[in-house]
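Biologist: Please take me through some of the labels in this model and the grounds for each.

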Amino acid sequence: MIKEQKKFRELVRKNKEISKEECIEILKSEKRGVLSVNGEGGYPYGMPMNHFYNEDDGKIYFHCGNVGHRLESLQKDNKVSFCVYDKGFCKDGEWALNFKSVIVFGKIEIVEDFKTISEITTKLSHKFTQDDSYIKKEIEQSLHRTLLLVLSIEHICGKKVVEA
C-alpha cells in the first residue's frame, strides 16, 4: 500500500507550537517579513516585504514595483512562503532572545482592481503612519505604478523560539 504524503509538514516540536490565532495576531501586528519565491536556477529568493493581513478575507497583501526578480519568479511559479517574527524579549539577566515566528505557505496572485489596490494600500500604510493626507497623496501619485500582490494562505504554522 502506498502511503499518501501530506502537502505540508507538521511542526516536529509540538510543545513549541503556537495557535493559529496567535499566528494571525503576529501577522496583523508586525510590519515586515521575508517573502520567499522560487527564483532563478532553482535557488530560493527571499526579500524583506511590508505586508497587510486582511481579516475580511484571511489573505496577506504586499505592494511592490512592477518589474524585477520577484515578479519574474512569481510569473513562473506562484508558490511562496512568508516568514514573520515578533520583536521578542530577553529575560532579566539572560542573553537569549525569546520570540514567536510564523510561516505561511500559499500562492500569490496580482490584484488588478484599482479600487482594491487603493483600499489595501491605504490599510497597509496605516501600519506605518496615521497621516491620512500623506497616505492619500502618495497613493494618488503612485497608484498607477503600484503592483499589489495577494497571498492566499494554504498552510500556516508558528512556534515559540528561545535562542540558546
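Biologist: Which residue of strand 9 stands opposite Ile60?
Modeller: Leu151 does. This is a predicted model, where local features need pLDDT of at least 70, side-chain atom pairs count only at pLDDT 80 or more, and totals for chains, interfaces and linings use all residues. Residues are numbered from 1 along each chain as its sequence is written, and side-chain values use heavy atoms, with hydrogens and water left out.

Biologist: What makes strand 5 and strand 9 (residues 147-162) a pair?
Modeller: Two strands pair if DSSP finds at least two bridges between them. Strand 5 and strand 9 have five, in the antiparallel sense, so by that definition they pair. Strands here are DSSP runs of E, at least two residues, and helices are runs of H or I, at least four, numbered from the N terminus.

Biologist: How many bridges join strand 4 (residues 52-54) to strand 5 (residues 59-64)?
Modeller: Three, and the two strands run antiparallel. Asn54 stands opposite Lys59. They form a hairpin with four residues between them, and Gly58 in the turn has a positive phi of about 70°.

Biologist: Why is Ser73 called buried?
Modeller: Its relative accessibility is 3%, so Ser73 counts as buried. The term means under 20% relative accessible area, with exposed over 50% and partly exposed in between (1.4 Å probe, protein chains only). Ser73 is in helix 2 (residues 69-76).

Biologist: Which residues is Ser73 in contact with, leaving aside neighbours within four places in sequence?
Modeller: Val37, Asn38, Gly39 and Glu40; contact means heavy atoms within 4.5 Å. Val37 belongs to the covered face of strand 2 (residues 32-38), and Asn38 to the uncovered one.
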